Structure formats: C-alpha cells, structure tokens
Amino acid sequence: RVELGEIETALLKHAQVAEAVALAIPDEEVTNLLKAVVVAKPGATLDEASLKQHCALSLPRYMVPEWIELRDAMPRTSSGKVDRRALAVTKL
C-alpha cells in the first residue's frame with residue numbers, strides 16, 4: 001500500500017527541499033504512477049536523480065516516485081493551499 005504522506009515526508013527530510021507533494025496519477029498500463037513535485041530552498045540545487053536516491057534510502061522501491069518535477073513554487077488555491085488538481089494534470 002502506498003501512502004503519499006510517507007513519500008512527502010521522505011522528500012521533506014532532504015536538507016534542500018522546501019516543499020513536496022506526492023500524487024498518484026492514473027495510468028492505462030498500470031493502476032497509478034507516482035509523481036512528486038518539489039520546490040527547493042533558496043539557493044539549493046536539486047535534480048531528479050538525487051531526490052530519487054534520497055527517497056530510496058527510506059522508502060520501499062515501489063514507493064519511490066517514477067517522476068519528480070522541480071518547480072519554483074507550488075500552485076495555490078484561493079485559500080492558499082497547494083492546488084493538487086493543477087499538479088495532477090501535468091503529463092508525465
């Protein structure tokens with residue numbers, strides 16, 4: 001069983017990660033693909049490979065996101081919460 005909160009927690013333990021959101025994206029070939037969206041702390045330099053490696057240290061292999069998107073900021077709803085719907089529509 002995949003817990004998206006555990007993936008987010010693992011990513012947030014990285015010293016250079018400011019924000020992280022994990023999403024299950026429906027896929028025709030498999031049930032869902034795991035996607036993470038990460039915002040780095042100011043001045044940090046992150047890449048997808050190092051973040052996947054970081055996740056693999058504390059998560060089972062099936063919980064490591066297939067794709068990690070790096071962004072400057074998270075999209076927000078009018079109430080200031082992360083707009084997960086906006087993140088989910090991004091194609092892999």
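In the predicted model, Asp 47 caps the N-terminal end of helix 2, with a side-chain oxygen placed 3.1 Å from the backbone nitrogen of Ala 49. Helix 2 spans residues 48–56, and its buried residues are Leu 51, His 54 and Cys 55. Viewed down the axis of helix 2, these buried residues fall within an arc of 100° and therefore line one face of the helix. Ala 49 and Gln 53, on the other side of helix 2, are exposed. The packing partners of the buried residues of helix 2 are helix 1 (4–12), strand 1 (17–26), strand 2 (32–40) and strand 3 (67–71).

The strands are arranged as an open sheet of three, in the order 1-2-3 and with mixed pairing. Strand 1 and strand 3 form the edges, each pairing on one side only. From one strand to the next, the twist averages 20°. Strand 1 and strand 2 run antiparallel and are joined by nine bridges; within this pairing, Val 17 has Ala 40 of strand 2 as its bridge partner. Helix 1 lies across strand 1, strand 2 and strand 3, and runs at about 150° to strand 1. Helix 2 packs on the sheet and touches strand 1, strand 2 and strand 3, its direction making about 125° with that of strand 3.

Five salt bridges are found in a search of the whole structure. One of them links Glu 19 with Arg 76, the closest N and O atoms being 2.4 Å apart. Because Glu 19 belongs to strand 1 and Arg 76 to the loop between strand 3 and helix 3 (84–88), this pair ties together parts that are 57 residues apart in sequence. Glu 19 is partly exposed, with a relative accessible area of 25%, and Arg 76 also counts as partly exposed, at 40% relative accessibility.

A further salt bridge joins Glu 69 to Arg 71, with the closest N and O atoms 2.6 Å apart. Glu 69 is buried, with a relative accessible area of 13%, whereas Arg 71 is partly exposed, at 24%. Together with Lys 35, Glu 69 and Arg 71 are linked in a network of salt bridges.

Terms used. Residues numbered from 1 in each chain as written. Predicted model: local features only at pLDDT ≥ 70, side-chain atom pairs only at ≥ 80, totals over all residues. Heavy atoms only, no water. Buried < 20%, exposed > 50% of the residue type's maximum accessible area, 1.4 Å probe, protein only. Helix = DSSP H or I, 4+ residues; strand = E, 2+ residues; numbered from the N terminus. Arc of directions from axis to C-beta. Contact = heavy atoms within 4.5 Å. Polar contact = N/O pair within 3.5 Å; in protein donor to acceptor, adjacent residues only side chain to side chain. Pairing = 2+ DSSP bridges. Axes fitted to C-alpha atoms, helices over the stretch in contact; angles between N-to-C directions. Salt bridge = Lys/Arg side-chain N within 4 Å of Asp/Glu carboxyl O.
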